[in-house]
Amino acid sequence: MAELNVLKQEDIDDLVRQYEGRAIPRFVASATLASELKSTIHYAKLIAISSKNAQAITARAGEWGQGFSGITQFIEEIAARSMVCAADIGVASRELSRSAVKLMNQQKFASALNRSMRANEEKSEELREILQRNLKDQTQLEEETNGYYRSVRKLLTEIRDCTRALKSIVANCRIEASRAGPFQESLFTIAENIENAAERISERIAIGLRLMGLLN
């Protein structure tokens, strides 16, 4: 399986150290999260491909592949759900990043307005009205950001459940592969590929949840 250039736990440690105990800005953590979770789609697709390959092999294997064949539909269903989850995570995490950046820009604008109000008392009333609209926009953006945060967290939990189910069924795959006679080696490879892809997704979920923790 080709390895992607993805973050490791040590990379997150480095990111935390860079801020020397200070809170990591939301837009930084959310942008890192959006970039990092793209890889879940790649690994979910690998599971779907393995499922298709397993179906093709068991079709050729006839009676030898009957046991494994009974599992492939379940794998395909979980793979399909994982791909939907992975795609939804990509969308929600990108929106989370965009929303966090917009909020940061609005906060900077509010600081500039406050400085202008102190420096220009004649225009302070006009600037105050602009500031009120800005604060209203900030409230809306905070609600949006929190909504995307909850969506990403929910989807991460869902795809984690999918990968747990896949990992648990890999043992059954190996048992059925051992009964597949001349097709044994091919089906063992399928089981290993599914297990590896599920493990990679689990690692991405762990990184994603840690980054989510930095957003709090």
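Predicted model: local features only at pLDDT ≥ 70, side-chain atom pairs only at ≥ 80, totals over all residues.

Trainee: In which helix is Ile41 found?

Mentor: Ile41 is found in helix 3, where helices are DSSP runs of H or I, at least four residues long, numbered from the N terminus. Residues are numbered from 1 along each chain as its sequence is written, and side-chain values use heavy atoms, leaving out hydrogens and water.

Let's start with Ile41 itself. At 27% relative accessibility, Ile41 counts as partly exposed, because that class lies between buried (under 20% relative accessible area) and exposed (over 50%), with a 1.4 Å probe and protein chains only. Not counting residues up to four places away in sequence, Ile41 touches Ala86 and Ala87; contact here means heavy atoms within 4.5 Å. Val84 is 43 residues from Ile41 in sequence, yet their C-alpha atoms are 8.6 Å apart in space.

Now widen the view to the helix. Helix 3 packs with helix 6 at an angle of about 165°, and their axes are 9 Å apart. Axes are lines fitted to C-alpha atoms over the stretch in contact, and angles run from 0 to 180 degrees between N-to-C directions. The two helices are therefore roughly antiparallel, a label for angles over 145 degrees. Among the residues that meet are Tyr43, Leu46 and Ile47 in helix 3, and Ile190, Ile194 and Ile201 in helix 6. By class, this contact of helix 3 with helix 6 has 12 nonpolar, 7 polar and 2 charged residues. Ala, Val, Leu, Ile, Met, Phe, Trp, Tyr, Cys and Pro count as nonpolar, Asp, Glu, Lys and Arg as charged, and the others, Gly among them, as polar.

Finally, there is the core. The largest nonpolar core has 49 residues, and Leu33, Ile75 and Val152 have the most contacts inside it. Such a core is a set of buried Ala, Val, Leu, Ile, Met, Phe, Trp, Tyr and Cys residues joined through side-chain atoms within 4.5 Å. Helix 3 (39-61) is one of the helices that each supply at least two residues of this core, and helix 6 (184-214) is another. Val152 touches Leu33, Leu37, Ala92, Ser93, Leu96 and Met212, again not counting residues up to four places away in sequence.

Note on methods: Parallel < 35°, antiparallel > 145°, perpendicular 65-115°, else oblique.
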